[in-house]
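Thanks, everyone. I have one model to show you today. Let me put it on the screen.

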Amino acid sequence: MTHRRSAYKHTNASIHPVCHDEIALSFVYYDLPPRSSDELLPLVNDSPHKPPRRPRYQGKNPRQFDEKYKELQPEKYAEDVAKVTASGKTPAGTHRPIMVAEIMEVLRPRPGETAVDCTLGYGGHSRELLQAVQPGGRLIGLDADPIELPKTEQRLRAMGFPAEALVITRTNFAGLSKTLAEHAPEGADVLLADLGLSSMQIDDPARGFSFKQDGPLDMRMNPQRGLSAEEWLKKVSVADLAGALSENADEPQAVLLAKAIIHAQSQYPLTTTLDLAELIRRAITRFSTEATTATIQRVFQAIRIAVNDEFEVLDALLRQLPQCLKPGGRVAILTFHSGEDRRVKHAFKQGLASGVYSRVAPDVTRASSDEQHANPRSSPAKLRWAIREA
Ligand SMILES: C[S@@+](CC[C@H](N)C(=O)[O-])C[C@H]1O[C@@H](n2cnc3c(N)ncnc32)[C@H](O)[C@@H]1O
């Protein structure tokens, strides 16, 4: 239904209640078989003159993000939120920190130390780090997201730590050395980067990261900077898009999908997440449902990585890391796909060879099976660590 609304939006000018052929023609733009009249009738009946439907939400099993008012107020509805968590889901508007015990084990933060969290998110790891460096220590938290950052700062400040123990800055971690030059020129004792997206960002359709709910095709961690996914797709060539799909997500159908997306983009604007998801579905009609979902996930991941320059900023972080750590300082990085892990592994290995690091993780650590079961979002996570030479 939602797709039909999306399709309707793009073909508005050509639709007449009795002229199905014109609607069918409009699907030629997708380079895909036109739909039958039966299929198209609901589209026609979804007329702009019809009064909008009353929302059917009864309050029992909310499905849409903004209907989940209890989950969005975890302080007020702690019991309901605990039930959602126990069912293996992440309550809307929150994020469950991953591999907390393993990270604390490798970072070993001590009272009085300076901890840096490059990816503050919901503040789950930061809270633990902040606690561990008390008394006398402090946490410097960075995040690029101007929407979630103030909420996280408010939550952390309400926890009763001394005001001076918490420094929060809305910065891309590519500018880490500049931030530390201002707030901790001596460097960090411990440093964490938990890459990728928070659950708040993934689950909020308005951010445009999710292919499950309709939202603007945005995908920026900081929507105030750079090009949205929609704008990026308007500018990118088939070759560059195919390269991004292949490099950022190992997409086997990179060329086919790049051609389909750019061709569609030249015919009508792709403005919503469901527009893009539906276009991918139609480009690979012979795939199973699971394979189709996996393809959509990979395309979204690849575009998100491109829009946020994720590999470039990670490379910049890895280059700056040694100078941002005190001698003997510890760093832990959580990655979520092979493109990220390869970079971290390579940088740590090179740092060990050149003597910048005295020790690095011999292998990745994964979330325990209990954690993966309780929080499926921890399944792809890989943890690596390094210790700067003393
Ligand atoms: C996986 S979440 C971190 C969750 C956090 N560890 C917690 O316990 O809540 C990743 C966060 O990093 C932020 N982020 C991703 N790339 C970034 C970058 N280059 N610079 C700054 N923040 C970034 C995202 O906005 C997001 O809030």
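This is a predicted model: local features need pLDDT of at least 70, side-chain atom pairs count only at pLDDT 80 or more; totals for chains, interfaces and linings use all residues.

The protein has 390 residues, and 39% of them are buried. Its secondary structure comes to 17 helices and eight strands. Now the contacts. Take those between residues at least 6 apart in sequence: 67% of them join residues at least 24 apart.

Next, the ligand. How many residues surround the ligand? The count is 22. The closest are Pro97, Thr119, Gly121, Tyr122 and Gly124. Which elements give two or more residues to that shell? Those are α6 and β2. By class, the shell divides into nine nonpolar, nine polar and four charged residues.

So let's look at α6 itself. This helix covers residues 124-132. His125, Ser126, Glu128, Leu129 and Leu130 are buried there. What do those buried residues pack against? On the helix side, the partners are α5, residues 100-107, and α7, residues 149-157. On the strand side, they are β1 at 114-117, β2 at 138-143, β3 at 166-170 and β4 at 188-194.

Stay with α6 for a moment, and follow the chain on to β2. Pro135 lies in the loop between these two elements. Look at the peptide bond from Gln134 to Pro135. Is that bond cis or trans? It is cis, with omega near 0°. As background, most peptide bonds are trans, and most residues other than glycine have a negative phi.

Phi of Met99 is near 50°, a positive value in a residue other than glycine. Is Met99 buried or exposed? Met99 is buried, because 22 other C-beta atoms lie within 10 Å, and the cut-off for buried is 20 or more.

The other stop is Asp250. Asp250 sits in the loop between α11, residues 238-249, and α12. Asp250 is not a glycine, yet its phi is positive, about 50°. Here the count is 14 other C-beta atoms within 10 Å, so Asp250 is partly exposed.

Thr271 is placed between α12, residues 254-267, and α13, residues 273-283. Thr271 is partly exposed, because 18 other C-beta atoms lie within 10 Å. What does Thr271 touch, leaving out residues up to four places away in sequence? The list is Pro216, Leu217 and Glu230. Also check Gly208. Gly208 and Thr271 are 63 residues apart along the chain, and their C-alpha atoms are separated by 9.9 Å.

Last, a helix pair. Two packed helices are described by the angle between their axes and the distance between the axes. Our pair is α15, residues 310-324, and α16, residues 338-354. Their axes come within 10 Å and cross at roughly 20°. Angles under 35 degrees count as roughly parallel, so α15 and α16 are roughly parallel to each other. The crossing is right-handed.

Which residues meet there? From α15 we have Phe311, Leu314, Asp315, Leu318 and Pro322. From α16 we have Gly339, Glu340, Arg343, Val344, Ala347 and Gly351. By class, this contact has six nonpolar, two polar and three charged residues.

That's the tour. Questions, please.

Technical notes. Residues are numbered from 1 along each chain as its sequence is written. A residue is buried if 20 or more other C-beta atoms lie within 10 Å of its own, exposed if 12 or fewer, and partly exposed in between; C-beta atoms are placed from the backbone. Helices (H or I, at least four residues) and strands (E, at least two) are DSSP runs, numbered from the N terminus. Two residues are in contact if their C-beta atoms, placed from the backbone, lie within 7 Å. A residue is near a molecule or strand if its C-beta atom, placed from the backbone, lies within 6 Å of it. Ala, Val, Leu, Ile, Met, Phe, Trp, Tyr, Cys and Pro count as nonpolar, Asp, Glu, Lys and Arg as charged, and the others, Gly among them, as polar. Axes are lines fitted to C-alpha atoms, for helices over the stretch in contact, and angles run from 0 to 180 degrees between N-to-C directions. Angles under 35 degrees count as roughly parallel, over 145 as roughly antiparallel, 65 to 115 as roughly perpendicular and the rest as oblique. A crossing is left-handed if the near helix is turned anticlockwise from the far one by less than a right angle, and right-handed if clockwise.
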